[in-house]
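We'll take a walk through a few parts of it, one stop at a time.

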Amino acid sequence: MKLSIIIFLTFLAFGCKTKTHKQESAYQATVTFNEAYRPQFHFSPDSMWMNDPNGMVYYEGEYHLFYQYYPDSTVWGPMHWGHAVSTDLVHWQHLPIALYPDSLGYIFSGSAVIDWNNTTGLGNDNIPPMVAIYTYHDPVGAEQGRIDYQTQAIAYSLDKGRTWTKYAHNPVLKNPGIIDFRDPKVFWYEPDKKWIMTLAVKDHISFYSSKDMKSWQHESDFRSDIASYGGVWECPDLFSLKSDNNEEKWVLIVNINPGAPNGGSGTQYFVGEFDGHTFTNENKELFWIDYGKDDYAGVTWSDIPKSDGRRIFMGWMSNWQYSQIVPTEKWRSAMTFPRTVTLKKENGNYRILSNPVREIKNIQEKLEIVSDLKPNKKGNYSGHLPFRSSPQELKFTIESKSEKLSDFALTLSNDFKQQLILGYNAKQQQFYINRDKSGDVSFSNEFTGNHIAPFSINNSEIKLQILLDVSSIEVFINEGELVMTEIMFPSQPYDLYKISGSDIKVTQFEAIRLKSIW
Ligand code: FRU
């Protein structure tokens, strides 16, 4: 027998044994997290390949994060569900792999819910089951040129996600003959007392319903004239959210690869109504959750208690164009910082605003307000970042002397003259990020270029909030109206800043040092 098969069978045999807390901390203890480019306040796997966040669910004080994981290499391969938990969305504890591939296939993306009413019958009187709903991708069927090799399946846990049992009669939803048929996101639709599954099906979304998660009926399909069709639709999500004008709306998230505004992978969304059967989009224009190049496959947490009431989103901080060749050695990829999403009505459209979760305060170590904000003769502001090369949060208010915001550029750089530029082009009404000289860019031509985001502004002031980690930047503009997330690989973190523009004034500049989560 081949060694890889023996290892695989050993995993199958022992992977589902109960892990004690002692074993869990021993597992965590092997992790160092100090390699070059290692994010210090973003989730990354201890080693090897990671892509999409999966099965995000809250239960008994823990936020669960499962993720697409290949434990044998730093490139994509037979997919498992890796697992981590957090009590504050910021500090993560790595746990052993939750789901291993089996004879039905690799474990592709999906969701998890708490089956509070034990509709599946998989729980018991005291414990509602945590149910994972995922796609089986059968590599043998794919190899044979079949078209029905992606199916939906369930597994359950009665011990807070620590051990899992796959349902004996999987799959629970067979493939109707469409190659791309995957990434189920399930929620309980209270008015009809049924589960709704939102599924990505090549170039549309299919909704299914079920009373017990074991048999599913097709409800409807969603397509839209305003949608992007540049690639395959993946990883959807459907949830309700109250808009700022107090209307209850439904948000449909549809990830797509390729087809994003700046190339490769991206997350479009639609807002409208859902009646338990059909989703109707009411937005007139297409919007994206993040206009940077590195926020993909993002969806939201299930079962956040009503008393909390937030809708929390997290994406994979990479892009399929180059995710497998970025210059990290021991592991590949990290997740975005978790974000609270809210809804705002504007010009007849409903827009998502994203902001870092408030738990960021748990890692905010020290605040420095830069008070001597004086431009040099050329009108530029520059200097060392208050916390030099430490991971930090930066907040700027930039004003134009004229009525409307005019061009400006914020450059972050280091002694190696590596730099990342974030700027606003008033004529084009666009923000942009340019990382052409940000550090190592040699691995892909698709990494460079001007990455733009449409943004029209009628006043003269703008607020920027920036989360700067060792190898990523997340920019939140005007309290989350626009978000851009990008990764970069500088030889050493940026510690210098410069803000230039012929007509601008920096009226506020704060920095907050962020503690490592590891
Ligand atoms: C998105 C995706 C999903 C799929 C998974 C496989 O990045 O392609 O559609 O389930 O990754 O790893």
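What follows is a tour of a sheet, one of its strands, a single asparagine and the cavities.

Keep in mind as you look around that this is a predicted model. Let's begin with the sheet. Four strands make up an open sheet, in the order S5-S6-S7-S8, with antiparallel pairing. At the edges sit strand S5 (106-114) and S8, each of which pairs on one side only. As a reminder, strands of a sheet pair through backbone hydrogen bonds, either parallel or antiparallel.

Now zoom in on S7, which spans residues 150-157. On one side, S7 pairs with strand S6 (residues 130-137) in the antiparallel sense, over eight bridges. If you want a spot to check this pairing, find Ile 133, which stands opposite Ile 154 in S7. S7 also runs antiparallel to strand S8 (residues 165-166), and here two bridges join them. For this pair, look for Ala 155, which stands opposite Lys 166 in S8.

How many of the residues of S7 are buried? The strand is mostly covered, with eight of its eight residues buried. In a regular strand the side chains alternate between the two faces of the sheet. You can follow that along S7: Gln 150, Gln 152, Ile 154 and Tyr 156 point one way, while Thr 151, Ala 153, Ala 155 and Ser 157 point the other way. Both sets are buried, and they include Gln 150 and Gln 152 as well as Ile 154.

A polar atom of the Asn 434 side chain lies 2.8 Å from the backbone nitrogen of Asp 436. Looking past neighbours within four places in sequence, you'll find Asn 434 in contact with Gln 419, Leu 420 and Ile 421, and also with Gly 449 and Asn 450.

Searching the whole structure turns up five cavities of 30 Å³ or more. The largest cavity holds about 130 Å³ of space. It is lined by 16 residues, and the closest to its centre are Ser 333, Ala 334, Ser 471, Ile 487 and Phe 489.

Terms used:
Residues are numbered from 1 along each chain as its sequence is written. This is a predicted model: local features need pLDDT of at least 70, side-chain atom pairs count only at pLDDT 80 or more; totals for chains, interfaces and linings use all residues. Side-chain values use heavy atoms; hydrogens and water are left out. A polar contact is a pair of N or O atoms within 3.5 Å; within protein, one must be able to donate a hydrogen and the other to accept it, and residues adjacent in sequence count only if both atoms are side-chain atoms. Contact means heavy atoms within 4.5 Å. Buried means under 20% relative accessible area, exposed over 50%, partly exposed in between (1.4 Å probe, protein chains only). Two strands pair if DSSP finds at least two bridges between them. On a 1 Å grid over the protein atoms alone, a cavity is a set of points where a 1.4 Å probe fits but cannot get out, and a pocket is an open set with protein on both sides within 12 Å along at least five of seven lines; lining residues have an atom within 4 Å of a point. Grid points are joined across faces, edges and corners, and a volume is the space filled by probe spheres set on the points.
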